[in-house]
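Visitor: Could you walk me through this one? I'd like to know what can be read from it and where to be careful.

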Amino acid sequence: MLILLCEEQCYSNPFYRQDVEEIASRLRAELVHDIDWRDKNLPPYILNYSSSGLALQMTGKKAPGPIHANFVSGGVDHRRKFGGGKGQMIAKAVGLNNIGNPQRPLHVLDATAGLGRDGFVLATLGCKVTLLERSAIVAELLNNGLTLAATAEDLTLQDVVTRMTLIPEDSRDYLRKLALPEAVDKPDVVYLDPMFPARNKSASVKKEMAVFHSVVGADLDSSELLPLALSAAEYRVAVKRPAGAPYLADKKPTYQLLGKTSRYDIYVNKKLDI
């Protein structure tokens, strides 16, 4: 049973109480108001709801800090303000530099949204971004982060998140529907950043990846996404990979953008003519 912690001080606020009860209902989680963190029988992770938002917290000794979708402050907000604009590799990967009509936003489908960081970067650059996330827990974290950003005092930030739409659905199912002849509003670009499994059991994995592996497991079916994405995308598919990783689905890209630790494999269906 998933545990959702909301301490009494927070739960006593009617606004927070309604929100956390809705989350508990959607996730079928046990809502509690206190936890003994020393209890050895705790599950591997819990959700923690507070006035600061919803967070995923690992339990046990030396557990990493809480994981949440934060667009208001921290690294993501810094990248929004000082990240380099359309000079960033991700902007080049989706083709933002090839657009001739500035009034027509590029529609990017982020089929592996996670905590929405890449999708947020694209939205800050003017893209219309559809976010797909199949993990119900991760989708709740992302939805909470978007809600907090939408109600922030920063009007520019509010404007950015209006361009982001979250759909809690398995990407494979969604992409299959987009590939049908009768499908409408097909994305210009499908963006993929599947989790890359650790090379061996002793490999050090940063805290967020460790939490994600615990919650959703490795993307062992990620190779299925590429052919589906190519069928759904109007113009191209952009795949983010670790620098030394094999091609997704063993398919060679049309071209690549190379960075120090990661790269983008670009699969072109046709030339961007927006």
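Visitor: What is the average pLDDT of the chain?

Guide: This is a predicted model, and the chain averages a pLDDT of 90, with 92% of the residues scoring at least 70.

Visitor: Where does pLDDT stay under 50?

Guide: That happens over residues 199-204, for which the model has two contacts beyond four places in sequence. Where pLDDT is low, the predicted coordinates should not be read in detail.

Visitor: Switching topic, how many disulfides are there?

Guide: The count comes to zero. Cys6 is in no disulfide, and the nearest cysteine sulfur, that of Cys10, is 3.8 Å away, whereas the cut-off is 2.5 Å.

Visitor: And is Cys6 buried or exposed?

Guide: Cys6 counts as buried because its relative accessibility is 0%, and Cys127 counts as buried at 0% as well.

Visitor: Which residues touch the most other members of the largest nonpolar core?

Guide: In that core of 60 residues, they are Leu4, Leu47, Leu56, Phe71 and Leu106. Helix H6 (residues 136-150) gives the most to this core, with six residues. Apart from it lies another core of 19 residues, including Tyr174 and Leu228.

Visitor: What does Leu47 contact, beyond four places in sequence?

Guide: Its contacts include Leu2, Leu4, Leu27, Leu56, Ile137 and Leu141.

Methods: Residues are numbered from 1 along each chain as its sequence is written. This is a predicted model: local features need pLDDT of at least 70, side-chain atom pairs count only at pLDDT 80 or more; totals for chains, interfaces and linings use all residues. Side-chain values use heavy atoms; hydrogens and water are left out. pLDDT is the predictor's confidence in each residue, from 0 to 100. Contact means heavy atoms within 4.5 Å. Buried means under 20% relative accessible area, exposed over 50%, partly exposed in between (1.4 Å probe, protein chains only). A nonpolar core is a set of buried Ala, Val, Leu, Ile, Met, Phe, Trp, Tyr and Cys residues joined through side-chain atoms within 4.5 Å. Helices (H or I, at least four residues) and strands (E, at least two) are DSSP runs, numbered from the N terminus.
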